[in-house]
Amino acid sequence: MKTEFYDLESLWSGLRDGEEEALFSLFRDLYNPLFNYGFSLYGSKENVEDAISQVFLELWENRLSLKPVTNVKSYLFTYLRRKISREHAKENNSFLPDSEMYESSVMDYMVQLQTEEETRKRVMNAIDKLPPRQKQLIMFKFYQNLGYDEISEITGLAPQSIYNNIHQSLKYLRQDLKIPIGLLLLVLKM
């Protein structure tokens, strides 16, 4: 049975009930804030991405034993901080943060934010080059987070036609921007 989710607490409840969509929604909704927070602590993009993936994998594996949480975002930030701290301690036999690492990670974080903003601008410029129908469908799917059935109701197009148009749009964007599809999807979801 699929549940409609409207806030983080109901997503958490859905996760505890074994709803995969709740896990994916939590991941999608909190990935960027968790990444930014983890990057400010650790300063290593790959390690932070791995830590976030591990957090959500562990949540799924332990879903049946999860307790109710009143502040899901805070819980996940704490979970991530502890995971990063443990991993960092294993690597360096020390705990976070030391002042030099913190200063360098803040600078890296600022550079990362600037790079993300430049990438977003490049993506928006590429989207503007799409035919109007494809541009509209991309905006519905990635910027308004609508499902194919919802887009179908709004546009009157068949869901398969919407899927095909979005697929063609993504193919064009990937070629125009010369970036991997995974990065493109990540940027579109930001």
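**Ground rules**

This is a predicted model, so local features are reported at pLDDT of at least 70 and side-chain atom pairs at pLDDT 80 or more, while totals for chains, interfaces and linings use all residues. Numbering starts from 1 along each chain as its sequence is written, and side-chain values use heavy atoms, with hydrogens and water left out.

**Overall layout**

The protein has 9 helices and 0 strands, where helices (H or I, at least four residues) and strands (E, at least two) are DSSP runs numbered from the N terminus. Of its 190 residues, 36% are buried; that word stands for under 20% relative accessible area, with exposed over 50% and partly exposed in between (1.4 Å probe, protein chains only). Take the contacts with a separation of 6 or more: 57% of them join residues 24 or more positions apart. A contact here is heavy atoms within 4.5 Å.

**Aromatic rings**

How many aromatic pairs does a search of the whole structure find? The search turns up 8. Rings of Phe, Tyr and Trp (its six-membered ring) pair if their centres lie within 6.5 Å; planes under 30 degrees apart are stacked, over 60 edge-to-face, and the rest tilted. Two of the pairs are worth a look:

| Pair | Centre distance | Plane angle | Class |
|---|---|---|---|
| Phenylalanine 35 and phenylalanine 39 | 5.7 Å | 20 degrees | stacked |
| Tyrosine 37 and phenylalanine 77 | 4.9 Å | 35 degrees | tilted |

Phenylalanine 35 and phenylalanine 39 share helix α2 (residues 20-42) and sit 4 residues apart, about one turn of the helix. Both are buried. Tyrosine 37 is partly exposed, at 24% relative accessible area. There's also an aromatic cluster, formed by Phe27, Tyr31, Phe35, Phe39 and Phe56.

**Charges over rings**

A charge sits over a ring if NZ of Lys or CZ of Arg is within 6 Å of the ring centre and within 35 degrees of the ring normal. Arginine 63 does this with tryptophan 60, its charged end 3.9 Å from the ring centre. Lysine 141 lies over the face of tyrosine 148, at 4.4 Å from the ring centre.

Tyrosine 148 belongs to helix α7 (residues 148-155) and is partly exposed, with a relative accessible area of 26%. Leaving aside residues up to four places away in sequence, tyrosine 148 touches Lys141, Pro159, Ile162, Tyr163 and Ile166. Its C-alpha atom is 8.3 Å from that of glutamine 160, 12 residues apart along the chain.

**Where α6 meets α8**

The axes of α6 and helix α8 (residues 159-177) come within 9 Å and cross at roughly 100 degrees. That makes α6 roughly perpendicular to α8. Axes are lines fitted to C-alpha atoms, for helices over the stretch in contact, with angles from 0 to 180 degrees between N-to-C directions; roughly perpendicular covers 65 to 115 degrees.

Which residues of α6 meet α8? They are Gln134, Leu137, Ile138, Lys141 and Phe142, and they face Ile162, Asn165, Ile166, Gln168, Ser169 and Leu170 in α8. The contact divides into 6 nonpolar, 4 polar and 1 charged residue (Ala, Val, Leu, Ile, Met, Phe, Trp, Tyr, Cys and Pro are nonpolar, Asp, Glu, Lys and Arg charged, and the others, Gly among them, polar).

**A few single residues**

Asparagine 145 is in the loop between α6 (132-143) and α7. Though not a glycine, asparagine 145 has a positive phi of about 55 degrees. Most residues other than glycine have a negative phi.

Arginine 120, in helix α5 (residues 99-128), is partly exposed at 28% relative accessibility. Serine 25 is in helix α2 and is buried at 6% relative accessibility.

Methods. Angles under 35 degrees count as roughly parallel, over 145 as roughly antiparallel, 65 to 115 as roughly perpendicular and the rest as oblique.
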